[in-house]
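Here are some notes for a first look at this structure. Please read them with the model open.

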Amino acid sequence: MEVTEGTVQLRSCAAPLFYRQSRPPHEVKVSVLLLHGIRFSSENWLNIGTLETLAAAGCRAVAIDLPGLGQSKAAVAPAEVGQLAPAGFLKEVCEALDLSPVVVISPSLSGMYSLPFLLEHQSLVRAYIPIAPICTDKIKAEQYQRVKVQTLIVYGDKDAQFGEVSCQNLSNLPNHRVAVMKGAGHPCYLEDPDTWHQILTDFLREL
């Protein structure tokens with residue numbers, strides 16, 4: 001399995017966004033977009049084997065570096081950290097990379113991007129996997145309730161800051177299930193990649 005690297009130029013960003021990509025050896029069953037937290041980048045998904053795991057599961061996986069972070073430092077973010085970004089940002093990413101309909105994996109900081117996209121463009125979202133994202137409190141219960149996308153809410157039971165709070169808010173999504181990773185903190189997928197990959201592939205198999 002080969003991981004390739006590239007950049008994509010968006011109309012809304014002056015500088016290109018960096019991404020890493022893996023593909024299955026045969027046909028693509030599902031496209032997956034991997035986002036990341038504020039201290040992280042697409043490199044983390046490479047290092048823990050998520051890109052490889054997804055390719056082996058028949059998925060085309062694209063991990064981007066969000067604006068201002070990783071190798072996309074020159075790109076200016078469309079919103080301040082902690083504010084909801086325009087929903088059109090991830091729509092443009094998915095169009096440029098030919099990812100729709102897409103499974104969105106969204107930890108921590110990336111909630112500011114994924115939540116508006118989910119609410120406004122749910123027809124483009126095959127499934128949603130939030131991992132203790134920020135900004136869940138900026139959405140009203142009735143907005144969540146209008147979303148029909150299959151959702152897997154993941155968090156570590158040692159994540160005191162965002163774990164249960166984000167789960168509580170996201171539980172307003174009608175078509176959700178919850179996976180709690182025992183003994184793991186905020187970046188639970190980094191702390192226990194094996195459990196994370198098992199949870200992820202089990203969920204994707206059912207789509």
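1. Helices and strands here are DSSP runs, numbered from the N terminus. The model is predicted. Pro 101 sits in the loop between H3 and strand S5 (102-107). The peptide bond leading from Ser 100 into Pro 101 is cis, with omega near -10°. Most peptide bonds are trans.

2. Look next at helix H3 (residues 88-96) and helix H4 (residues 111-120). Their axes come within 7 Å and cross at roughly 85°. Angles of 65 to 115 degrees count as roughly perpendicular, so H3 is roughly perpendicular to H4. H3 brings Phe 89, Leu 90, Lys 91 and Cys 94 to the contact, and H4 brings Tyr 113, Ser 114 and Phe 117. By class, these are five nonpolar, one polar and one charged residues.

3. The structure has four aromatic pairs. In one of them, the ring centres of Trp 45 and Trp 196 are 6.0 Å apart, and the planes stand at 40°, so the pair is tilted. Trp 45 belongs to helix H1 (residues 42-47) and Trp 196 to helix H8 (residues 193-205), so the pair ties together parts 151 residues apart in sequence. Both Trp 45 and Trp 196 are buried. Together with Tyr 189, Trp 45 and Trp 196 form one aromatic cluster.

4. Check the backbone at Ser 108. Its phi is near 50°, a positive value in a residue other than glycine. Ser 108 lies in the loop between S5 and H4. Ser 108 is buried, at 13% relative accessible area.

5. Cys 135 also deserves a look. Its phi is near 75°, again positive in a residue other than glycine. The loop between strand S6 (125-131) and helix H5 (141-145) holds Cys 135. With a relative accessible area of 6%, Cys 135 is buried.

Notes. Residues are numbered from 1 along each chain as its sequence is written. This is a predicted model: local features need pLDDT of at least 70, side-chain atom pairs count only at pLDDT 80 or more; totals for chains, interfaces and linings use all residues. Side-chain values use heavy atoms; hydrogens and water are left out. Axes are lines fitted to C-alpha atoms, for helices over the stretch in contact, and angles run from 0 to 180 degrees between N-to-C directions. Helices (H or I, at least four residues) and strands (E, at least two) are DSSP runs, numbered from the N terminus. Angles under 35 degrees count as roughly parallel, over 145 as roughly antiparallel, 65 to 115 as roughly perpendicular and the rest as oblique. Contact means heavy atoms within 4.5 Å. Ala, Val, Leu, Ile, Met, Phe, Trp, Tyr, Cys and Pro count as nonpolar, Asp, Glu, Lys and Arg as charged, and the others, Gly among them, as polar. Rings of Phe, Tyr and Trp (its six-membered ring) pair if their centres lie within 6.5 Å; planes under 30 degrees apart count as stacked, over 60 as edge-to-face and the rest as tilted. Buried means under 20% relative accessible area, exposed over 50%, partly exposed in between (1.4 Å probe, protein chains only).
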